[in-house]
Amino acid sequence: MQTPYYLVDKSRLLPNLEKIAQLRQQSGAKALLALKCFATWSVFDLMSEYMDGTTSSSLFEMKLGREKFPGETHAYSVAWADHEIDEVLRNSDKVIFNSVGQLSRFADRSHGHTRGLRINPGVSTSGFDLADPARPFSRLGEHDPAVIAPVLDQISGFMFHNNCENADFDRFDSMLGGIEQRFGHLIRQMEWISLGGGIHFTGADYPLDRLAERLKRFAGENEVQVYLEPGEAAVTNSTTLELTVLDTLFNGKNLAIVDSSTEAHMLDLLIYRESAKVLPNAGPEQWMVCGKSCLAGDIFGEFRFSTPLSPGDRLSIQDAAGYTMVKKNWFNGLKMPAIVIRELDGTERLVRDFTYDDFTAALS
């Protein structure tokens with residue numbers, strides 16, 4: 001197939017889903033796919049067999065979850081608009097408000113709907129200030145138990161989201177203990193608690209049994225239904241960005257220009273100043289792989305290869321699912337990567353290609 005394209009491999013997706021199913025079975029927790037991380041609905045047929053539904057960050061994400069993913073549909077937004085809320089309520093099972101102000105503002109219109117409130121515990125595992133929900137002056141959730149207590153009769157659940165790329169169970173356990181200590185008297189008056197996403201429990205060597213026991217104990221002691229919102233954990237290592245080398249240069253280093261762009265197709269590499277992943281990344285030849293946009297810093301990273309790169313060579317950039325496909329854009333008018341699904345039997349099918357008409361339709 002013509003590159004660039006994202007290749008979602010169901011056989012690489014499946015091990016993550018099996019771990020999610022194991023955790024659900026052992027802990028009693030429910031798992032909702034976080035659409036802010038991954039929303040490629042062409043693989044929802046498989047994912048919905050192992051998960052309980054979706055959670056969203058906007059009206060459009062919520063509608064996608066309702067239409068494409070069987071199960072529960074949770075609707076959260078940092079702020080709902082007046083013109084959105086009625087449609088949100090019609091298409092969701094639970095609506096989660098970010099603040100007491102929003103809860104109060106839409107109290108009458110949401111009466112009779114299952115409602116929750118986001119709580120900010122003031123701690124997180126984020127290593128980036130940009131992504132830290134507990135950063136100073138954070139707008140993400142209520143933090144004061146004295147402010148939350150008066151509205152408990154209007155809600156039945158809380159959402160905590162303070163883990164970020166957290167592969168350390170002991171750190172998770174410690175933070176959950178802190179949440180129980182500070183908010184336990186409020187939690188015990190709720191029916192359900194979402195602990196959000198960002199827990200890398202599908203990673204290699206993660207103590208899944210310990211996590212399951214901790215979640216089950218938390219649910220039992222507080223008499224609540226626990227929800228998790230895996231995004232990255234559900235899709236990690238499942239997808240590649242398939243590229244072709246277009247040109248090579250030497251300017252103090254070997255440079256290879258590919259038919260893609262970090263700015264347009266893997267934006268988080270620029271936002272967080274990280275390097276892409278290429279496997280096996282070994283050999284005597286060291287090359288800087290560069291995007292084809294006009295941005296000077298459009299660089300995927302430096303990697304090692306067994307032989308020199310040449311125009312026409314194919315490259316696979318690993319881990320191109322989470323917070324990647326949902327962020328692709330039309331910078332420089334570069335053609336968006338197509339989306340290809342590799343089925344469990346190894347067959348591949350093109351499910352979406354993007355054309356000039358899509359480019360013009362996104363503009364005015």
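Where in the chain is the place of Tyr-323? Tyr-323 sits in the loop between strand E14 (314–317) and strand E15 (338–342), and this briefing visits that loop along with several other spots. What you see is a predicted model, in which local features need pLDDT of at least 70 and side-chain atom pairs count only at pLDDT 80 or more, while totals for chains, interfaces and linings use all residues. Residues are numbered from 1 along each chain as its sequence is written, and side-chain values use heavy atoms, with hydrogens and water left out.

**The whole chain**

- The chain has twelve helices and 16 strands; these are DSSP runs, numbered from the N terminus, with helices (H or I) of at least four residues and strands (E) of at least two.
- A compact globule of 364 residues would have a radius of gyration near 21 Å, and the 22 Å of this chain agrees with that. The radius is taken over C-alpha atoms, and the globule rule is 2.2 Å times the number of residues to the power 0.38.
- Along its principal axes, the C-alpha trace spans about 65 × 50 × 45 Å.
- Of the 364 residues, 53% count as buried. Here buried means under 20% relative accessible area, exposed means over 50%, and partly exposed is in between (1.4 Å probe, protein chains only).
- The accessible surface comes to about 16200 Å², and 50% of it belongs to carbon and sulfur atoms. Such areas come from the Shrake-Rupley method with a 1.4 Å probe, and for residues only the protein chains shown count as cover.
- Among contacts (heavy atoms within 4.5 Å) between residues at least 6 apart in sequence, 67% join residues at least 24 apart.
- The chain carries 36 positive and 49 negative charges, and their mean positions are 2 Å apart. Lys and Arg count as positive and Asp and Glu as negative, while His and the chain ends are not counted. Each charge is placed at NZ of Lys, CZ of Arg, CG of Asp or CD of Glu.

**The nonpolar cores**

- In soluble globular proteins, nonpolar side chains tend to be buried together.
- The largest nonpolar core has 92 residues, and Met-47, Met-51, Phe-158, Phe-201 and Phe-300 touch the most other members. A nonpolar core is a set of buried Ala, Val, Leu, Ile, Met, Phe, Trp, Tyr and Cys residues joined through side-chain atoms within 4.5 Å.
- Helix H7 (residues 169–187) gives this core its largest share, seven residues.
- Apart from it lies another core of seven residues, among them Leu-32, Tyr-76, Leu-140 and Met-159.

- A cis peptide bond joins Thr-3 and Pro-4, with omega about 0°. Pro-4 lies in the segment before strand E1 (5–9).
- The peptide bond from Leu-279 to Pro-280 is cis too, with omega near 5°. Pro-280 belongs to the loop between helix H11 (267–271) and strand E12 (285–290).
- Phe-137 is a residue other than glycine with a positive phi, near 65°. Its place is in the loop between strand E6 (114–119) and helix H6 (145–148), and Phe-137 is exposed, with a relative accessible area of 86%.
- Tyr-323, a residue other than glycine, has a positive phi near 55°. Tyr-323 is partly exposed, with a relative accessible area of 27%.

**Buried residues to look up**

- Thr-73 is found in strand E4 (residues 72–76), and at 1% relative accessibility it counts as buried. Not counting residues up to four places away in sequence, Thr-73 touches Thr-54, Met-62, Gly-65, Arg-66, Asn-91, Ser-92, Asp-93 and Lys-94.
- Glu-343 lies in the loop between E15 and strand E16 (348–352). Glu-343 counts as buried at 18% relative accessibility, and, leaving aside neighbours within four places in sequence, it is in contact with Lys-10 and Arg-349.

- Phe-250 is placed in strand E10 (residues 239–250) and counts as exposed at 60% relative accessibility. Phe-250 and Gly-283 are 33 residues apart in sequence and 19 Å apart in space, C-alpha to C-alpha.
- Ser-306 has its place in the loop between strand E13 (299–305) and E14, and counts as exposed at 56% relative accessibility. Ser-306 and Gly-283 are 23 residues apart in sequence and 4.3 Å apart in space, C-alpha to C-alpha.
- Leaving aside neighbours within four places in sequence, Ser-306 is in contact with Ala-282, Gly-283, Pro-284 and Glu-285.
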